[in-house]
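Welcome! Open your viewer, keep the selection tool handy, and let's walk through this model together, stop by stop.

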Amino acid sequence: MVGRERLDWNPPRILIVEDDPEMLDLIRAMLGQANSVAEAVLIAFSGEEALETLHREQEAGHPVDLVLLDIMMPRMDGYEVIARVKADPDLRHTSFIVTTALDSVSSKTLGLGIGADDYLTKPFDPRELLARIDAVMRIRRSEQALRRRNQELAALVEINRVVTSSLDLDEVLEATMEGIREIMQVEAGSLVLLDEKTGELTYRKTLSSAHGWIEGRPVQPDRGLVGHVVASGQAKLVNDVERDPHFSGELEEALESVVPRTILCVPLTIRENTIGAIELINKLDGAFGEQDLDLLTAMAASVAVAVENANLYAELADFTTELERSQAKLVQAEKMAAIGRLTASLAHEVNNPLQAIHNSLHLSMHEGLAQQRREQYQSMAQGEVERLIEIVQRMLDFYRPSRGGVTSADLNQVVDNVLALAHKRFQHGNIQVHAHLAPDLPDIPIVPDQISQVLLNLVINAVEALPDGGDLWLKTELSAQSDEVLLSVRDSGSGMSSEQMNSLFEPFYTTKSEGTGLGLAISYGIVERHGGTIEVSSQPGQGTTFVVRLPVQLGD
């Protein structure tokens with residue numbers, strides 16, 4: 001964004017450049033007779049002196065508006081002066097009326113062609129000079145107004161760009177205050193926001209870093225112009241604060257070095273609810289006007305939208321976090337339910353080694369037992385202890401809440417662990433397991449305990465579909481395109497109808513008399529979050545097959 005240029009609606013500052021002292025005095029006298037024509041009249045006797053004067057006045061903050069320039073001068077003529085000024089970014093908007101004794105068309109068009117705004121042929125009438133000055137200054141003011149409008153639009157475009165591209169409220173507010181600082185040209189300013197939870201107004205941003213210490217400081221909602229604007233929802237334009245009944249002096253105390261004289265304050269409004277305000281203090285180049293009010297109101301509208309978007313995003317983030325937390329609890333609950341469905345077989349899985357340990361230790365303590373025999377019993381007990389540790393460790397690995405970390409893992413190892421966990425359940429159910437695991441599978445990016453949960457759920461469902469025993473096939477393989485690993489679970493059960501399959505992955509849907517109906521729904525979500533798919537095929541009397549497809553590489 002570009003800074004706001006000086007808008008000079010008062011009589012212009014005029015520089016007369018003339019190497020003839022008599023002509024210079026004559027022009028100065030003409031301008032002096034018309035008091036309202038020029039704010040100040042400067043003089044230069046050469047092109048070099050003219051350039052020096054233009055730069056000096058520009059740097060001092062008093063730029064020259066119009067140059068009355070003689071074309072025919074020694075060393076540096078008027079054409080070169082114009083060319084240099086128009087090539088200088090700081091001076092290029094300076095207006096020129098060239099004066100020349102040459103009446104040729106070529107000399108006039110040359111001056112106009114390189115940037116002069118008008119010309120006068122010597123000698124000229126004072127009334128013509130004043131009329132030409134007035135005409136050029138009207139055009140200059142129109143151009144200044146257009147440039148200012150473009151600068152304001154650029155500031156609004158930048159603010160709107162940040163509003164639409166960022167959900168970071170601080171970033172949006174910073175861009176807004178930067179735009180106000182560059183365009184509005186005020187001594188001080190602040191942006192206050194209303195906290196929905198506490199109902200408290202606070203200073204959120206200031207225009208000057210020197211006043212940054214007040215950010216976060218509360219604003220009394222029932223005091224001062226800001227409180228009035230927030231309470232009423234109406235903008236206030238005050239060019240004499242001492243006479244305004246709503247001015248309390250509180251802001252003067254807060255900003256210390258700033259003595260408010262003029263204040264412009266507009267509300268931040270969303271759907272008729274005022275959520276804050278923007279307040280500007282002491283316009284540097286005069287009084288606040290309706291154009292300032294319109295511009296600040298437009299900026300405030302963008303800020304209000306940004307505040308609401310940021311608040312909605314924060315609420316969505318909180319909701320998402322809570323949803324993820326609830327989902328994790330639900331997954332853990334279903335994991336516990338799966339363990340519950342294995343309870344009886346797991347009890348046997350634990351009791352058997354415990355009984356073997358008990359018997360081995362009892363026999364090893366028999367008096368008169370040969371040392372070799374005693375060591376044999378102790379070795380058997382040690383083996384059963386290791387087996388028991390492995391069983392318990394496998395149960396704990398499955399039972400623990402998921403850590404959720406994706407790692408490169410061997411899917412065949414996941415299958416082996418699940419089969420070991422459900423081993424006793426297969427024995428009790430008279431299930432013949434047929435595992436065909438591809439030996440050359442690549443490691444894939446998965447959360448191992450989550451995929452274990454999916455597989456265990458499919459395996460238990462298959463076992464429960466075989467109440468009188470049967471066959472269970474598990475198979476892993478690499479897809480033909482080598483971009484997916486396939487895990488299939490097939491049973492020889494009674495199968496399902498198409499109506500049942502249509503609802504199979506819906507939460508709380510179950511074909512069993514007992515169960516939560518969440519197992520397959522949760523499994524579907526886990527596989528989907530891995531970037532994979534889970535498919536089912538079945539016909540009544542022909543068993544059921546589930547196929548889980550997992551990508552070899554995670555997508556972007």
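How many residues does helix H1 have, and how far does H1 reach from its first C-alpha to its last? Before you select anything, note that this is a predicted model, in which local features need pLDDT of at least 70, side-chain atom pairs count only at pLDDT 80 or more, and totals for chains, interfaces and linings use all residues. Residues are numbered from 1 along each chain as its sequence is written, and side-chain values use heavy atoms, leaving out hydrogens and water.

**Stop 1: helix H1**

Select residues 21-33. H1 has 13 residues and reaches 18 Å, close to the 18 Å expected at 1.5 Å a residue (the expected span is 1.5 Å times one less than the number of residues). Helices (H or I, at least four residues) and strands (E, at least two) are DSSP runs, numbered from the N terminus.

Now color Met23, Leu24, Ile27, Met30 and Leu31, which are buried. Buried means under 20% relative accessible area, exposed over 50%, and partly exposed in between, with a 1.4 Å probe and protein chains only. Look down the axis of H1: the buried residues fall within an arc of 125 degrees, so they line one face of the helix (the arc is that of the directions from the helix axis to the C-beta atoms). On the other side of H1, Glu22 and Gln33 are exposed.

Next, show the side chains of Asp25 and Arg28, which meet in a salt bridge at 3.1 Å, N to O. A salt bridge is a side-chain nitrogen of Lys or Arg within 4 Å of a carboxyl oxygen of Asp or Glu. Asp25 and Arg28 are 3 residues apart in H1, so about one helical turn separates them.

**Stop 2**

Arg138 is partly exposed at 48% relative accessibility, and Asp134 is partly exposed at 38%.

**Stop 3: helix H7 and Lys236**

Select residues 224-232, where the buried residues are Gly224, Leu225, Val226, Gly227, Val229 and Val230. Then pick Lys236 in strand S9. Is Lys236 buried or exposed? Lys236 is buried, with a relative accessible area of 18%. Among the residues that Lys236 touches are Leu225, His228 and Val229 (contact means heavy atoms within 4.5 Å).

**Last stop: helix H9**

Finish at Phe319 in helix H9, residues 290-341. Phe319 is exposed, with a relative accessible area of 53%.

Conventions:
Lists of a residue's contacts leave out its neighbours within four places in sequence.
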